[in-house]
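Look at the model below with strand pairing, ring contacts, pockets and backbone geometry in mind. The report takes these topics in turn.

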Amino acid sequence: MKAQAISSFGAPSVFETIELPNPQIKPGYVLIRVVATSVNPVDCKVRSGKYSHISPPFPAILHSDVAGIVEQVGDDVTEFAVGDEVYGCAGGFLNECGALAEFMLADAQLIAKKPKTLSMVEAAALPLVSITAWEALFEKVKIQSGQKILIHAGTGGVGHIAIQLAKWAGAEVYTTVSSSDKADIAKSLGAKETINYRFESVQDYVNRLTNGKGFDIVFDTIGGENLDKSLAAVAMYGNVISIQATSNHDLSPLHSKSASLHAVFMLLPLLRDIQRERHGKILKEIAVLADEGYLKPLIDPHLFYFENIDKAHTLLESGKAVGKIVVQAY
């Protein structure tokens, strides 16, 4: 099979087209003919060497998100059959095959049948960000109808899904954006109000939108100093969730409000081979919501194929993408 692989860490230009034997089917796995994948920040961090500790061995085939068609089914797999259209976040790290190839070997626990109403391109945009948002909102804090939630980066990968899931759950959704165009997109997804973080301080928007009380839930999808802003914006007895809680912070604002901080590391099942079936179950729920019209991925308008995967990584790292960047197979 043809694949886009890296033999060293570095800039997006390290990708090269190589030929490899097709993956061999094994018990508990399915072989997927890849139709599309999407680019997540973690993919760029593995490629650059920042996350070298979770890279597959060289030549490394990256990318975790996949949408495609089942070609072969291993022993002990009963939920899938040849010809099924599936999607999932199933590889690209350590010893699991990535999606930047004609075929991907995937643990059947990590995938689900794709939403019937979405194209393969749309389905490929969903797995990592949807599982992340679901874990944050429904497993970590159990979001309730009527709660006020602040979601940072509302037109980003995780953010735009979180807006839709929170709206579906009946919450009052607020989000930060960087432009009026992104504000319009966020409102179309279900945000009640938007905050241009370039022009409005945390205290100003907390006063404007919550009468100074703060938000019941704050979802930090950015990390760094943005986590400090999240701690400042949360209400007393509220909850902050972060998917980037890897830096040092003063937790005094959290303590003074008796608020809670939750970390989401969505890749743990894939990296540590634990609770993998949970991801498959979440993807089933996501497919139902998509087919019922409650959830739709926001796809960046730039079109990419495997042959120009370097340009897709460059766009994501530029910070100029809106929604998810999808890359179609050969």
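Val-30 has Ala-106 in strand 6 as its bridge partner. This is a predicted model, in which local features need pLDDT of at least 70, side-chain atom pairs count only at pLDDT 80 or more, and totals for chains, interfaces and linings use all residues. Residues are numbered from 1 along each chain as its sequence is written, and side-chain values use heavy atoms, with hydrogens and water left out.

Helices (H or I, at least four residues) and strands (E, at least two) are DSSP runs, numbered from the N terminus. Two strands pair if DSSP finds at least two bridges between them.

| Partner of strand 3 | Bridges | Direction |
|---|---|---|
| Strand 4 (residues 65-73) | six bridges | antiparallel |
| Strand 6 (residues 103-107) | five bridges | antiparallel |
| Strand 15 (residues 325-328) | four bridges | antiparallel |

Ile-32 stands opposite Val-70 in strand 4. Ala-36 has Gln-328 in strand 15 as its bridge partner. Strand 3 is mostly covered, with nine of its eleven residues buried. Buried means under 20% relative accessible area, exposed over 50%, and partly exposed in between (1.4 Å probe, protein chains only).

## Rings

Rings of Phe, Tyr and Trp (its six-membered ring) pair if their centres lie within 6.5 Å; planes under 30 degrees apart count as stacked, over 60 as edge-to-face and the rest as tilted. The count by this rule is seven aromatic pairs. Tyr-205 and Phe-215 have ring centres 6.4 Å apart and planes at 50°, so this pair is tilted. Tyr-205 is in helix 6 (residues 202-210) and Phe-215 in strand 11 (residues 215-220), so the pair ties together parts that are ten residues apart in sequence. Tyr-205 counts as buried, at 2% relative accessibility. Phe-215 counts as buried too, at 0%.

Ring pairs also link Trp-134, Phe-138 and Trp-168 into a cluster. Lys-26 lies over the face of Tyr-29, at 4.4 Å from the ring centre. Such a charge has NZ of Lys or CZ of Arg within 6 Å of the ring centre and within 35 degrees of the ring normal.

## The second largest pocket

A pocket is an open set of points on a 1 Å grid over the protein atoms alone, where a 1.4 Å probe fits, with protein on both sides within 12 Å along at least five of seven lines; lining residues have an atom within 4 Å of a point. The second largest pocket holds about 220 Å³ of space; a volume is the space filled by probe spheres set on the points. Its lining has 15 residues, and Leu-20, Pro-57, Pro-59, Ile-61 and Cys-97 lie nearest the centre. By class, the lining has twelve nonpolar, two polar and one charged residues. Ala, Val, Leu, Ile, Met, Phe, Trp, Tyr, Cys and Pro count as nonpolar, Asp, Glu, Lys and Arg as charged, and the others, Gly among them, as polar.

## Backbone geometry

Most residues other than glycine have a negative phi, and most peptide bonds are trans. The peptide bond from Phe-58 to Pro-59 is cis, with omega near -10°. Pro-59 sits in the loop between helix 1 (41-48) and strand 4.

Asp-76 has a positive phi, near 75°. Its place is the loop between strand 4 and strand 5 (85-89). Asp-76 counts as exposed, at 69% relative accessibility. Leu-94 also has a positive phi, near 50°. Leu-94 lies in the loop between strand 5 and strand 6, and counts as partly exposed at 27% relative accessibility.
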